[in-house]
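Please look over the sequence and the model first.

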Amino acid sequence: MPQVNLRTSSERLAVIDHAAAIRGVSRTEFVLRSSEAAAIEVLNEHPVIVFDDETWDSFLAALDAPVEIDPAVKARYARQWDR
């Protein structure tokens, strides 16, 4: 099984031990749960979108396609800036 070794101050270790005792888990379990929760939070902040080949090609084609602006929308924004 892989192993992680940490170096920390006595003060930090005391805080971790106190929190682990409150939760009723070992120091190792507390550190693993806490670090896993933090890791999941970071990963959720940076989602990865995966496309199959066909969807990827359609996505690129949509990005490369010329933009068609609705004349009514264009006229509306032109009036707004003329004020």
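**Salt bridges and partners**

With a relative accessible area of 47%, R33 counts as partly exposed. The structure is a predicted model. R33 pairs with E29 in a salt bridge, with 2.8 Å from N to O, and a search of the whole structure finds two salt bridges.

- E29 and R33 are four residues apart in helix α2, so about one helical turn separates them.
- An α-helix has 3.6 residues a turn, so residues three or four places apart point the same way.
- Like R33, which is partly exposed, E29 counts as partly exposed, at 31% relative accessibility.

**The pair between α1 and α2**

- A salt bridge also joins the side chains of D17 and R27, at 2.6 Å from N to O.
- Because D17 lies in helix α1 and R27 in helix α2, this pair ties together parts that are ten residues apart in sequence.
- D17 is partly exposed, at 28% relative accessibility, and R27 is partly exposed too, with a relative accessible area of 41%.
- As background, side chains of opposite charge can pair when their charged atoms come close.

- Helix α1 has 14 residues and reaches 20 Å from its first C-alpha to its last, close to the 20 Å expected at 1.5 Å a residue.
- Of the 14 residues of α1, one is buried, so the helix lies largely in the open; buried here means under 20% relative accessible area.
- Just after α1, G24 has a positive phi of about 75°.
- Helix α3 covers residues 53-64, twelve residues in total, and its first and last C-alpha atoms are 16 Å apart, close to the 16 Å expected at 1.5 Å a residue.
- At the start of α3, the backbone nitrogen of E54 has a side-chain oxygen of D52 within 3.3 Å.

**The segment before α1**

- Q3 is found in the segment before α1.
- Q3 counts as exposed, at 64% relative accessibility.
- The side chains of Q3 and N5 are joined by a polar contact of 3.1 Å.
- Between Q3 and P71 there are 68 residues in sequence and 63 Å in space, taken from C-alpha to C-alpha.

**The largest pocket**

- The largest pocket holds about 400 Å³ of space.
- The pocket is lined by 15 residues, and the closest to its centre are V4, L6, R27, T28 and V31.
- The elements that give two or more residues to this lining are α1 (10-23) and α2 (27-45).
- Helix α2 gives the most to the lining, with five residues.
- By class, the lining of the largest pocket has eight nonpolar, five polar and two charged residues.

Definitions and conventions: Residues are numbered from 1 along each chain as its sequence is written. This is a predicted model: local features need pLDDT of at least 70, side-chain atom pairs count only at pLDDT 80 or more; totals for chains, interfaces and linings use all residues. Side-chain values use heavy atoms; hydrogens and water are left out. On a 1 Å grid over the protein atoms alone, a cavity is a set of points where a 1.4 Å probe fits but cannot get out, and a pocket is an open set with protein on both sides within 12 Å along at least five of seven lines; lining residues have an atom within 4 Å of a point. Grid points are joined across faces, edges and corners, and a volume is the space filled by probe spheres set on the points. Ala, Val, Leu, Ile, Met, Phe, Trp, Tyr, Cys and Pro count as nonpolar, Asp, Glu, Lys and Arg as charged, and the others, Gly among them, as polar. The expected span of a helix is 1.5 Å times one less than its number of residues. A polar contact is a pair of N or O atoms within 3.5 Å; within protein, one must be able to donate a hydrogen and the other to accept it, and residues adjacent in sequence count only if both atoms are side-chain atoms. A salt bridge is a side-chain nitrogen of Lys or Arg within 4 Å of a carboxyl oxygen of Asp or Glu. Buried means under 20% relative accessible area, exposed over 50%, partly exposed in between (1.4 Å probe, protein chains only).
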